[in-house]
Amino acid sequence: MQQVQQHFHGLDALINVAGGFRWETIEGRRSCDLGFDVSNERAHCRNGCRMAALTHLKKAEAGRIINIAAGAASKASLGMGAYAAAKSGVMRLTEALAEELKDQRITVNAIMPSIIDPREPPRYA
């Protein structure tokens with residue numbers, strides 16, 4: 001973040017994109033795997049926000065943080081338990097940060113895309 005700030009003479013926004021998906025039922029997973037997924041997703045998001053928001057975005061006239069969650073944060077499907085739990089954590093972190101930073105001119109939002117499969121070509125109506 002320091003290098004970005006120095007190169008661009010400021011930082012106006014941060015977009016947090018982290019995660020991965022592995023289809024597995026909760027029953028089929030080792031319990032430590034579930035905890036790792038949830039902790040890892042939140043840690044990436046939290047650390048990126050803390051580094052940017054607390055040191056650089058406060059200097060901007062109006063800072064922005066955009067966290068990428070997923071539709072699974074609202075509704076999980078079969079085999080998506082760990083992923084949904086991780087993305088739900090991102091949503092709750094986004095809500096908490098929005099409240100915490102609103103008086104400091106920093107807006108915090110999340111984007112919740114649906115399933116994106118890079119193997120499928122786009123379909124147009």
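## A residue pair in the sheet

Ile65 stands opposite Val108, a residue of strand β3. The model that shows this pair is predicted. The strands involved are β2, residues 63-68, and β3; they pair in the parallel sense, and six bridges link them.

Helix α3, which spans residues 81-101, packs on the sheet and touches both β2 and β3. The direction of α3 makes about 160° with that of β3.

## The sheet as a whole

The sheet is open and has three strands in the order β1-β2-β3, with parallel pairing. Its edges are formed by β1 (13-16) and β3 (106-111), each of which pairs on one side only. On average, neighbouring strands of the sheet are turned by 15° against each other, with direction ignored.

## Order of elements along the chain

The protein chain contains three helices and three strands. Read from the N terminus, these elements follow the pattern α-β-α-β-α-β.

## Contacts, burial and surface

Counting contacts in the protein chain between residues at least 6 apart in sequence, 71% join residues at least 24 apart.

The protein chain has 125 residues, of which 33% count as buried; here, buried means under 20% relative accessible area. The accessible surface of the protein chain is about 8,400 Å², and carbon and sulfur atoms account for 56% of that area.

Terms used. Residues numbered from 1 in each chain as written. Predicted model: local features only at pLDDT ≥ 70, side-chain atom pairs only at ≥ 80, totals over all residues. Heavy atoms only, no water. Pairing = 2+ DSSP bridges. Helix = DSSP H or I, 4+ residues; strand = E, 2+ residues; numbered from the N terminus. Axes fitted to C-alpha atoms, helices over the stretch in contact; angles between N-to-C directions. Contact = heavy atoms within 4.5 Å. Buried < 20%, exposed > 50% of the residue type's maximum accessible area, 1.4 Å probe, protein only. Areas by Shrake-Rupley, 256 points an atom, 1.4 Å probe, with all protein chains shown as cover.
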